[in-house]
Amino acid sequence: MSGLRWRLDPGVRDRLLSIGFPLALIALWELAVRLQWLDERFFPAPSAVAVALWELTAKGDLLGKLWLLPGLIAAGDWSGIRKVFAEGHLWVSLFRIFSGFLVGVVPGIILGVIMGMNRTIRVALDPVVSAIYVLPKIAILPLVMLVFGIGEMSKVVIVAIASFFLVLINTTVGVRDIEPIFLEAGRNYGANHRQMFRHIIIPAALPIIFSGLRLSLGTSLIVIIAAEFVAANYGLGYLIWFSWQTLLTENMFAGLVVIMILGALFTSGLQALERRFMPWQREELPASVDGVDVRGTGAKC
Amino acid sequence: MAVKIEAQNLTKVYPSRNGPVIALSDFSLKVEDGEFVCIVGPSGCGKSTFLRILGGLVTPSSGRVELIPRDLRVPLQNIVFQEYAIFPWKTVLDNVAFGLEMRGVSRAKRHKTAREWIKKVGLAKFADAYPHQLSGGMKQRVSIARAFANDPEILLMDEPLGALDAQTRVVLQGELVRLWEASRKTVVYITHSIEESVLLGDRIVLMTAHPGTYKTEYAVPFARPRSFELTGAPEFARLSYAIWQELEVEVRRTMEQQS
């Protein structure tokens, strides 16, 4: 009987564990609530959270009143279509995250490359960047709201600021740490400025630029939820905050579940982008060692 | 024969925290068109600095250097770097075609040329592989093919086989001799290895310990084509030993400087 556990293929065993253990935890949680070991006012049962999630979707809180779309599209009512999405907490948060992210990341990469390449600019900007970098971005939300008002603009701006500095610092480091021999090889083979950027500087710094993107997407999620706690009428952060104020804990947990799913999707989306843009980093066995094919033997990893 | 490279009184001084460091001191050398010159010297003697001056990557503090072009349609010089200088983000094919791409050669044409050179260095099966899938010896072949595919008049080789294990090194020395004898380009070859310089070179220039400068030189009398077989000949051993006796003084001086 005990032999069975060890005869399982290690891959299968890992998969069973990684799916089975969380499922067991959820079941335990459900049981604990049913047996009233846990207070369901604070920790609603997973089944109650699932029902809340379904109701939030069905009533149009989470994704907007999607069932109105066919009629609105047929009528060509664009402002009506926009309103459907503007009333879905998920879409509102996603829009804020992605527009802020884009607005922050593009100039962050550009300035990062410039700071990485140009010593004068780097020395001048470094203290300013480092000083702002250590500031928790949510701390400047009041200032941002003062300048940009309490509407959408201030949320996009706070996300943009948070992602800008993370990507900027990572890109600068990535460009500075390029092996000098790659730059020498580029110069010796006659690359002009544009070619140096496209063929050497950008690809060489790309792995670290991507880790900056990963960090700033995660930070964007944190910043937007926090901003929506205090200053919004829509968005996942608002959903959680409102549910707390009205003691609808199931809805609060439903919001948390949606955020977890978002986080996971962001991570796997970025991984897919990394594979697409950095095919040379793909984990593979070496095709051969000096002409001897070792593929599949697992030799010399 | 025509002079291809003329370096006169080259000196390179680098600033450092502990005052200026002389990397190369009053070094002069003439290389003829089609000649294979090896430069041998102890570590830190400035031989790499000299090569980088020739390659246009370092400007000399004083002195004059001239590389004389014959045909303006091909590049004047390219460096064969050590294996870790090939680009990890490019496939073997794009690495070898790199120089041609920088010169604006069309995709079809540069890939055709690159494939020919990839075949010549025995990597035909790996044209689409990325460097991390290759062994050290294979990467070094890519680095060599990258320079040959660009077809420069002068090849500058910076200890190209220095990072390889002894056996791979012997194989690649043989391949290098074969490729060079087919092209007869002007070569300046930096190496630590006396045997390698005697096997490959027409002429061997010895440099002194730091601050490095010209010490002496040897003509290598052996007929071409050459192969590894030559290393078994008594004349080969005699010449290698004679060079070592001169070099040993400099190597010991370098070790004393470092201790």
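In the predicted model, strand E1 of chain B, spanning residues 3–14, is joined to E4(B) by 5 bridges, the two strands running antiparallel. Within this pairing, Thr11(B) lies opposite Ser62(B) of E4(B). The pair belongs to an open sheet of 3 strands in chain B, arranged in the order E2-E1-E4 with antiparallel pairing. Because strand E2 (21–32) and strand E4 (62–67) of chain B each have a single partner strand, they stand at the edges of the sheet, and one side of each is left without a neighbour there. From one strand to the next, the twist averages 15°. Helix H1 of chain B (residues 47–54) packs on this sheet, where it touches E1, E2 and E4 of chain B, and its direction makes about 120° with that of E1(B).

In chain A, a helix pair is formed by H11 (residues 193–230) and H13 (residues 249–277), whose axes come within 11 Å and cross at roughly 165°. Since angles over 145 degrees count as roughly antiparallel, H11(A) and H13(A) are therefore described as roughly antiparallel to each other, and their crossing is right-handed. On the side of H11(A), the contact is made by Leu206(A), Phe210(A), Leu213(A), Arg214(A), Leu217(A), Leu221(A) and Ile225(A), while H13(A) contributes Ile259(A), Leu262(A), Gly263(A), Phe266(A), Leu270(A), Glu274(A) and Phe277(A). By residue class, the contact of H11(A) with H13(A) comprises 11 nonpolar, 1 polar and 2 charged residues.

Technical notes: Residues are numbered from 1 along each chain as its sequence is written. Chains are lettered from A and ligands numbered from 1 in the order in which they are written. This is a predicted model: local features need pLDDT of at least 70, side-chain atom pairs count only at pLDDT 80 or more; totals for chains, interfaces and linings use all residues. Two strands pair if DSSP finds at least two bridges between them. Helices (H or I, at least four residues) and strands (E, at least two) are DSSP runs, numbered from the N terminus. Axes are lines fitted to C-alpha atoms, for helices over the stretch in contact, and angles run from 0 to 180 degrees between N-to-C directions. Two residues are in contact if their C-beta atoms, placed from the backbone, lie within 7 Å. Angles under 35 degrees count as roughly parallel, over 145 as roughly antiparallel, 65 to 115 as roughly perpendicular and the rest as oblique. A crossing is left-handed if the near helix is turned anticlockwise from the far one by less than a right angle, and right-handed if clockwise. Ala, Val, Leu, Ile, Met, Phe, Trp, Tyr, Cys and Pro count as nonpolar, Asp, Glu, Lys and Arg as charged, and the others, Gly among them, as polar.
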